[in-house]
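Look at the fold first, then follow the text from the sheet to the core and the ligand.

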Amino acid sequence: MLRASLCVVTARKDRRLVGIGRAWGDGCFRAVIDDFVVVPPERGKNVGTRIVKMLLTRLATIEEVSLSTGLAMAPFYARLGFVLSRGAHMKRIAARSAQAARVNPRPGIGSAHDAGTA
Ligand SMILES: CC(C)(COP(=O)(O)OP(=O)(O)OC[C@H]1O[C@@H](n2cnc3c(N)ncnc32)[C@H](O)[C@@H]1OP(=O)(O)O)[C@@H](O)C(=O)NCCC(=O)NCCS
């Protein structure tokens, strides 16, 4: 997964990994920021902001950088230049993940379980 990424940014404290973010894409027109997380004790100290800024520097030549997030996080990303995009976010879950989708159906969102009962 990491090897297939366009770039990976890590944050370390005393050589210990405390944060990570990566981007994948076609290396030209589209990149997606994903797997962005900071360990709880280091949150709220600007580590996450620095990770995204470093990713964006590395992705400076990419036409469109996107990410999926909850609406609550929108102000955080807006400070970094992201805008909410119009339209629905759609996904298709691979068959091998269908079991997990049945165990954890997300309320209000169509799942593999719902698809079989129409
Ligand atoms: C999101 C995350 C990576 C931010 O890392 P961070 O080092 O705390 O980020 P910064 O210190 O640069 O910025 C902190 C700001 O992020 C925003 N923020 C963080 N988590 C938030 C949440 N769940 N909802 C809304 N805003 C949030 C707030 O504006 C916060 O400011 P505050 O500390 O004054 O409230 C970290 O909170 C995390 O790992 N969360 C769990 C995983 C996750 O949600 N990843 C992002 C998926 S899109």
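In which sense do β3 and β4 pair, and over how many bridges? β3 and β4 pair in the parallel sense, over three bridges; two strands count as paired if DSSP finds at least two bridges between them. Helices (H or I, at least four residues) and strands (E, at least two) are DSSP runs, numbered from the N terminus.

This is a predicted model, in which local features need pLDDT of at least 70 and side-chain atom pairs count only at pLDDT 80 or more, while totals for chains, interfaces and linings use all residues. Residues are numbered from 1 along each chain as its sequence is written.

**Sheet**

The protein has four helices and four strands, and along the sequence the pattern reads β-β-β-α-β-α-α-α. The four strands form an open sheet in the order β1-β2-β3-β4, with mixed pairing. β1 and β4 stand at the edges with a single partner strand each, so one side of each is left without a neighbour in the sheet. In β4, E64 stands opposite R30.

| Element | Residues |
|---|---|
| β1 | 7–13 |
| β2 | 16–25 |
| β3 | 30–38 |
| β4 | 64–66 |

**Core**

Of the 118 residues, 10% count as buried. A residue is buried if 20 or more other C-beta atoms lie within 10 Å of its own, exposed if 12 or fewer, and partly exposed in between; C-beta atoms are placed from the backbone. The largest nonpolar core has seven residues: V9, A23, A31, I33, I51, V52 and L55. A nonpolar core is a set of buried Ala, Val, Leu, Ile, Met, Phe, Trp, Tyr and Cys residues joined through C-beta atoms within 7 Å. The largest share of this core, three residues, comes from α1.

Two residues are in contact if their C-beta atoms, placed from the backbone, lie within 7 Å. Leaving aside neighbours within four places in sequence, I51 is in contact with V9, A11, G19, G21 and F36.

W24 is found in β2. W24 is partly exposed because 18 other C-beta atoms lie within 10 Å. Not counting residues up to four places away in sequence, W24 touches A4, S5, L6, A31, V32 and D34.

**Ligand**

There are 15 residues around the ligand, and R43, G44, G48, T49 and T69 come nearest; a residue counts as near if its C-beta atom, placed from the backbone, lies within 6 Å. The elements that give two or more residues to this shell are β3, α1 (47–58) and α2 (74–78).
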